[in-house]
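Here is a short report on a helix pair and on one residue elsewhere in the chain. Keep the structure open while reading.

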Amino acid sequence: MVRDKKTELRRFIEEQEVHFPTRWDNTKLQSARDCPRFCFFRHFLGLTRQSGTSLPAAFGVALHMGIQSLWEGKSVEEATHLAYEEFNKSGLLFSTKEPYTAERIPLVLMQWRDVYSSHQLTMLKPEVGFIFPLSDEWDYYGRIDGIFQEDESGTEGIYELKTTKSKWWIKPNPHNQLDGYLVALSQYQGRYVRNAIVDIIELQVRQTNFYRRETWRSEERLQLWHRETLWLIQYMKNCYDYGVFPANTGHCSSWGGCQFQDLCTLQSPRQWIKLMPTYDVNPWKPWVADEEDSGISLNETKKGGEESDI
Ligand code: SF4
């Protein structure tokens, strides 16, 4: 009986011509850790019911644009203008839901500039995308918010900006995304890069708090991330080859309730076909690597997709 189920899902994979992803980013890897079956629905089949951008994500992307502009030396007014342009792309610019309102943006930008005006940090390169081979078969890609240099020591590292409703949700260590980005930058620089800074903007209804966390990783730790990531992708490859994507039901209530619950409750993959048209097919593409990308490269990014890791 168990063999039949495996065969059925494997047959589904073949009939639907579902390919195994060769490029992995932090979002895909995290969904594989959280629930392999969710990862299959979202990142192998490309299904979603959340094609629109959420208000917190749209606000976060706009704020990213504003902060990036401040790093480039633009005024708060210019940064606000650019942030509004970005916010407007989501169609949510006129939201009145606190704390995600357009009026909040110049206030946050002004406060951020004042809080960090005396910090001796230079942004060498903001918003950089990368792709590098994890193995002969699989690549890792992503987008780093910036590469910084400390003015006094000359130390370089990666900079990440996170907007959140509670700072307690963001722990810079352990943190798979930071590990992976440090591995990427180390590969690119040809030497071990260990430092990272996480700027946390905590958005509460009546106030905004700013926290800057510095963290670092040993070389061994980064090697471990590489091994663990290859192990995880190989695990997903085994799931794909055998036609078994285990359900982690401990995550069904995560993400505000899993969007794939109705598919997941069906008794067999054969029945998925009927329900699949109720989903959009919108593959996860947070940014697009240039076609000529090969090996290790850091590129200017083209943003896209409906999800955000902010
Ligand atoms: S409903 Fe639960 S088990 Fe099914 S895909 Fe979603 S998180 Fe995984």
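Helix axes here are lines fitted to C-alpha atoms over the stretch in contact, and angles run from 0 to 180 degrees between N-to-C directions. The model is predicted.

**The helix pair**

Helix 2 (residues 26-34) packs against helix 8 (residues 219-242) at about 65°, and their axes lie 11 Å apart. Angles of 65 to 115 degrees count as roughly perpendicular. Helix 2 and helix 8 are therefore roughly perpendicular to each other. The crossing of helix 2 past helix 8 is left-handed.

Which residues in helix 2 and helix 8 meet? Helix 2 brings Leu 29, Ala 32 and Arg 33, while helix 8 brings Thr 229, Leu 232 and Met 236. By class, this contact has four nonpolar residues, one polar and one charged.

**Helix 8**

Helix 8 has 24 residues. Its span is close to the expected one, at 1.5 Å a residue:

| Span of helix 8 | Value |
|---|---|
| First C-alpha to last | 35 Å |

Buried residues in helix 8 are Thr 229, Ile 233, Met 236, Cys 239 and Tyr 240. Thr 229 and Met 236 also meet helix 2. Gly 243 follows helix 8, with a positive phi near 75°.

**Phe 59**

Phe 59 sits in helix 4 (residues 55-71). Is Phe 59 buried or exposed? A residue is buried if 20 or more other C-beta atoms lie within 10 Å of its own. Phe 59 has 29 within 10 Å, so Phe 59 is buried. Beyond its neighbours within four places in sequence, Phe 59 contacts Phe 87 and Tyr 100. Asn 88 is 29 residues from Phe 59 along the chain, yet their C-alpha atoms are separated by 9.8 Å.

Conventions. Residues are numbered from 1 along each chain as its sequence is written. This is a predicted model: local features need pLDDT of at least 70, side-chain atom pairs count only at pLDDT 80 or more; totals for chains, interfaces and linings use all residues. Helices (H or I, at least four residues) and strands (E, at least two) are DSSP runs, numbered from the N terminus. Angles under 35 degrees count as roughly parallel, over 145 as roughly antiparallel, 65 to 115 as roughly perpendicular and the rest as oblique. A crossing is left-handed if the near helix is turned anticlockwise from the far one by less than a right angle, and right-handed if clockwise. Two residues are in contact if their C-beta atoms, placed from the backbone, lie within 7 Å. Ala, Val, Leu, Ile, Met, Phe, Trp, Tyr, Cys and Pro count as nonpolar, Asp, Glu, Lys and Arg as charged, and the others, Gly among them, as polar. The expected span of a helix is 1.5 Å times one less than its number of residues. A residue is buried if 20 or more other C-beta atoms lie within 10 Å of its own, exposed if 12 or fewer, and partly exposed in between; C-beta atoms are placed from the backbone.
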